[in-house]
Amino acid sequence: MTRWWRAMAALACLIASGCSAGGGAATVASGVGQVGDCYPATSTQPVDCSLAHVAETVFVSQSALARGTSALAPCRTAQAQFLGQDFNTRFDVQLWVASDQSWHRCDVSLRTSTQSGSGYQTLTGSLKGVLERGVSVPLQACLAEPYDAASDQTYVSCAEPHVAQQLVAAPAIGTLKEPFPADVAGRAAKACNATASAADMLGRHRSVEAFYPNTADTWASGERTADCWVTADEGTLPALSP
């Protein structure tokens, strides 16, 4: 799962100019490429995935891009299929659109901070199937402070004690066909508490917070899950084992 509401905020920028999620202008490659192509940070031309890169393509299309938030729906489906599961991780998706609107593609990258302002981690090797057996510790999201949705916070290693941790399970809070629900906040809170309990993460001096698609536009993208964060109100949470 990715931070889709942030991705959608950048959608207009990406469609208009091919700029990156960070806002800098970039030239989109002349061809759409193919699923499995890898891209280094300073180039729009693919390289072999065994070499250093920051993004890998999970979806390509040479058809017209859907308008509005529904444009991200194919990215969501393709990401889960390519990686192997739909978990809460540090993965993020960027939508690229040709200047003449003749093609678009979705690339997946690994954020080093919650809003990707610190950039993306350099990778070697393909990400295909990386989540089929669950989420490894290096792909999980942990912080040295409580999570703040309004701030860009740098991740810390989950293999060390930490203050806040995002649960890898993304609990469902609705069905694809239903309209945006009025009780979405209550649904998300209940789902995250249940998920934290199942993961044995509840306890004294710990709090659980839910982050969810809180607008009809975000709901329209196909997002039906919540991000759940557990925070140590005193001390730290234990290091995760491989």
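Begin by selecting Ser 116, which you will find in the loop that runs between β4 (104–110) and β5 (142–143). This is a predicted model, and in it Ser 116 is buried, because its relative accessible area is 10%, below the 20% under which a residue is called buried.

The protein chain has an average pLDDT of 85, and 86% of the residues score at least 70.

Strands of a sheet pair through backbone hydrogen bonds, either parallel or antiparallel. Here four strands form an open sheet in the order β1-β2-β4-β3, and the pairing is antiparallel. The edge strands, each pairing on one side only, are β1 (38–39) and β3 (91–97). Strand β2, made of residues 55–61, pairs with β4 over five bridges in the antiparallel sense, and if you select Glu 56 you can see it standing opposite Val 108 in β4. Then show helix α3, residues 73–83, which lies across β2, β3 and β4 and runs at about 125° to β2.

For a charge placed over a ring, select Arg 105 and Tyr 39: Arg 105 lies over the face of Tyr 39, at 4.2 Å from the ring centre.

The last stop is the aromatic rings. A pair of aromatic rings is described by the distance of the centres and the angle of the planes. The count comes to three aromatic pairs. In one of them, the rings of Tyr 147 and Phe 211 have centres 4.7 Å apart and planes at 90°, so the pair is edge-to-face. This pair links distant parts of the chain, with Tyr 147 in the loop between β5 and β6 (164–166) and Phe 211 in strand β7 (residues 206–211), 64 residues apart. Tyr 147 is buried at a relative accessible area of 10%, and Phe 211 is buried at 14%.

Now move to Phe 180 and Trp 219, whose ring centres are 5.9 Å apart and whose planes are at 70°, so this pair is edge-to-face. Phe 180 lies in the loop between β6 and α4 (184–198), while Trp 219 belongs to helix α5 (residues 216–220), 39 residues apart. Are these residues buried or partly exposed? Phe 180 counts as partly exposed, at 32% relative accessibility, whereas Trp 219, at 3%, counts as buried. Finally, select Tyr 147, Phe 211 and Trp 229 together, which ring pairs link into a cluster.

Technical notes
Residues numbered from 1 in each chain as written. Predicted model: local features only at pLDDT ≥ 70, side-chain atom pairs only at ≥ 80, totals over all residues. Heavy atoms only, no water. Helix = DSSP H or I, 4+ residues; strand = E, 2+ residues; numbered from the N terminus. Buried < 20%, exposed > 50% of the residue type's maximum accessible area, 1.4 Å probe, protein only. pLDDT = per-residue confidence, 0-100. Pairing = 2+ DSSP bridges. Contact = heavy atoms within 4.5 Å. Axes fitted to C-alpha atoms, helices over the stretch in contact; angles between N-to-C directions. Phe/Tyr/Trp six-rings, centres within 6.5 Å; stacked < 30°, edge-to-face > 60°. Lys NZ or Arg CZ within 6 Å of the ring centre and 35° of its normal.
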